[in-house]
Amino acid sequence: MKESSLKSIKDLPSTHVLGPGTPTCAGCGALGAIKIFCDILGEKTVFVNAAGCMTLLTVYPFTPFKGSWIYTAMASAPAGAQGIRDALDLLIRKGRLKPEEDLKVVVLTGDGTAYGMGLSSTSSAIYRGLDFIYICYDNEGYGNTGYQFSAATPHAARTATSKGPGGYQRYKKDLFAIWAAHRPAYVATVAGAEPLDMARKIEKAKDLKGSKLFIAFTPCPTGWHFEPAKTIEVGKLAVKTGVWPLKEYIDGKVAHTRVPLPKGKRPLVEEYLKIQGRFAHLFSPTRNEKVLEKIQSGVDAYWESIV
Ligand SMILES: Cc1ncc(C[n+]2csc(CCOP(=O)(O)OP(=O)(O)O)c2C)c(N)n1
Ligand code: SF4
Ligand SMILES: [Mg+2]
């Protein structure tokens with residue numbers, strides 16, 4: 001695998017595919033992450049977009065995506081992608097489309113679809129070896145419908161459907177492990193707050209044949225209850241505290257692309273939690289040491305298991 005030509009964030013291409021005037025909330029982390037995907041993948045793309053906040057970017061007859069865009073139901077985006085891939089292959093085989101005019105098929109969904117409703121059709125698509133890119137922007141809840149919990153919601157977070165004193169009682173699914181277990185061409189976790197790491201991974205994977213999957217950590221000021229100006233800070237803290245590991249799966253192996261400082265030197269997870277209103281009940285009116293300790297030890301155990 002050749003070394004990335006991207007040495008700093010100044011090297012990132014900007015095609016300004018997405019920009020001001022888009023109908024998302026101020027500080028939307030998903031928008032920033034998707035812009036980087038668009039900039040690196042270029043215009044020769046078909047976005048297959050399941051219902052979610054990012055669907056609102058396209059309001060007929062306008063779209064900020066420079067390639068093509070199609071809407072699908074939450075459960076069936078990879079099935080839609082299969083149809084488009086088959087149609088493109090057929091057109092090329094019949095000589096009605098030149099191979100150099102081929103388009104990349106890119107599924108774009110939120111975590112509600114990727115971790116839950118669309119997991120079955122995704123599993124089947126990877127199993128069939130569908131040549132596509134799947135981008136999940138993970139805002140850890142059903143943002144578009146008022147921020148209900150999803151299978152990506154972290155333990156103890158408050159959402160519109162986990163308002164009780166303890167917040168969400170279940171645990172976030174390990175989607176990276178689920179996808180990697182299918183042995184696809186590529187899987188990565190990325191974060192909008194770490195654009196260079198993200199851009200290098202997209203650049204590395206975009207021309208691989210087969211299923212290529214990205215789970216993008218995308219803070220959501222509206223659902224997570226923090227100031228829109230803090231989106232990057234929240235994202236960076238998730239990486240620095242070890243909450244969001246940056247890693248990739250390729251050729252059957254998992255490698256971490258960023259390893260946080262060792263325990264004792266890295267910031268405590270509570271630095272990340274306390275700047276978000278969805279975890280405010282862990283700090284006020286009294287600190288919930290038991291839950292804070294449980295979350296911290298879960299993160300520590302993860303890094304002990306791999307370093
Ligand atoms: C089968 C189905 N159930 C419910 C909805 C309503 N709905 C539209 S968007 C959405 C939330 C999707 O959550 P996610 O995939 O995480 O994307 P986000 O809204 O967070 O961007 C829901 C539940 C729907 N479109 N289809
Ligand atoms: S609810 Fe969250 S993910 Fe959706 S547009 Fe607003 S900030 Fe972005
Ligand atoms: Mg979501």
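These are my notebook entries on a predicted model of a protein chain with its ligands.

**Entry 1: the whole chain**

I began with the overall build. I counted ten helices and eight strands in the protein chain. The radius of gyration is 19 Å, close to the 19 Å that the globule rule gives for 307 residues, so the chain is as compact as a globular protein of that length. I then looked up the extent of the C-alpha trace, which spans about 70 × 40 × 40 Å along its principal axes.

How much of the chain is buried? Of the 307 residues, 50% count as buried. The accessible surface comes to about 14400 Å², and carbon and sulfur atoms account for 59% of that surface. I also checked how contacts run along the sequence. Taking contacts between residues at least 6 apart in sequence, 67% join residues at least 24 apart.

**Entry 2: ligand 1**

Next I turned to ligand 1. I found 16 residues surrounding ligand 1, and the closest are Cys53, Gly112, Tyr137, Gly143 and Asn144. Which helix gives the largest share of this shell? Helix H3, residues 111-117, does, with four residues. By class, I noted six nonpolar, nine polar and one charged residues around ligand 1.

I then went through some polar contacts to oxygen atoms of ligand 1. The side chain of Tyr137 has an N or O atom 2.7 Å from an oxygen atom of ligand 1. For Gly143, a polar backbone atom is 2.8 Å from a ligand 1 oxygen atom. For Asn139, a polar side-chain atom lies 2.9 Å from an oxygen atom of ligand 1. I looked up the cover as well: ligand 1 taken alone exposes 580 Å², and the protein buries 73% of that.

**Entry 3: ligand 2**

Which residues are around ligand 2? I listed Thr24, Cys25, Cys28, Cys53, Asn139, Cys220, Pro221 and Thr222. By class, this shell has five nonpolar and three polar residues, with no charged ones.

**Entry 4: Gly27**

I picked Gly27, which sits in the segment before helix H1 (29-41). Gly27 counts as partly exposed, at 29% relative accessibility. Leaving out residues up to four places away in sequence, I found Gly27 touching Pro219, Pro221, Pro228 and Thr231. Pro221 is also one of the residues around ligand 2. I checked one further pair: Gly27 and Pro195 are 168 residues apart along the chain, and their C-alpha atoms are separated by 16 Å.

Is Thr122 buried or exposed? Thr122 is buried, with a relative accessible area of 0%. Thr122 lies in helix H4, residues 119-127. Beyond its neighbours within four places in sequence, Thr122 is in contact with Pro78, Tyr134 and Trp179.

In helix H8, residues 231-240, I noted the buried residues as Thr231, Val234, Gly235, Leu237, Ala238 and Val239. I kept a rule in mind while reading that list: an α-helix has 3.6 residues a turn, so residues three or four places apart point the same way. Gly242 follows H8 and has a positive phi, near 90 degrees.

**Entry 5: backbone details**

For this entry I needed some background. Most residues other than glycine have a negative phi, and most peptide bonds are trans.

Which residues does a cis peptide bond join? I found Tyr60 and Pro61, with omega about 5 degrees. Pro61 is in the loop between strand E1 (45-50) and strand E2 (68-72). The peptide bond from Ser284 to Pro285 is cis too, with omega near 5 degrees. Pro285 is in the loop between helix H9 (269-273) and helix H10 (289-306).

I then looked up positive phi values in residues other than glycine. Glu140 has phi near 60 degrees, and its place is in the loop between strand E4 (132-138) and helix H5 (175-180). Glu140 counts as buried, at 4% relative accessibility. His225 also has phi near 60 degrees, and its place is in the loop between helix H7 (221-224) and H8. His225, however, is exposed, with a relative accessible area of 51%.

Conventions: Residues are numbered from 1 along each chain as its sequence is written. Chains are lettered from A and ligands numbered from 1 in the order in which they are written. This is a predicted model: local features need pLDDT of at least 70, side-chain atom pairs count only at pLDDT 80 or more; totals for chains, interfaces and linings use all residues. Side-chain values use heavy atoms; hydrogens and water are left out. A residue is near a molecule or strand if one of its heavy atoms lies within 4 Å of it. Ala, Val, Leu, Ile, Met, Phe, Trp, Tyr, Cys and Pro count as nonpolar, Asp, Glu, Lys and Arg as charged, and the others, Gly among them, as polar. A polar contact is a pair of N or O atoms within 3.5 Å; within protein, one must be able to donate a hydrogen and the other to accept it, and residues adjacent in sequence count only if both atoms are side-chain atoms. Accessible areas come from the Shrake-Rupley method with a 1.4 Å probe; for residues, only the protein chains shown count as cover. Helices (H or I, at least four residues) and strands (E, at least two) are DSSP runs, numbered from the N terminus. The radius of gyration is taken over C-alpha atoms; the globule rule is 2.2 Å times the number of residues to the power 0.38. Buried means under 20% relative accessible area, exposed over 50%, partly exposed in between (1.4 Å probe, protein chains only). Contact means heavy atoms within 4.5 Å.
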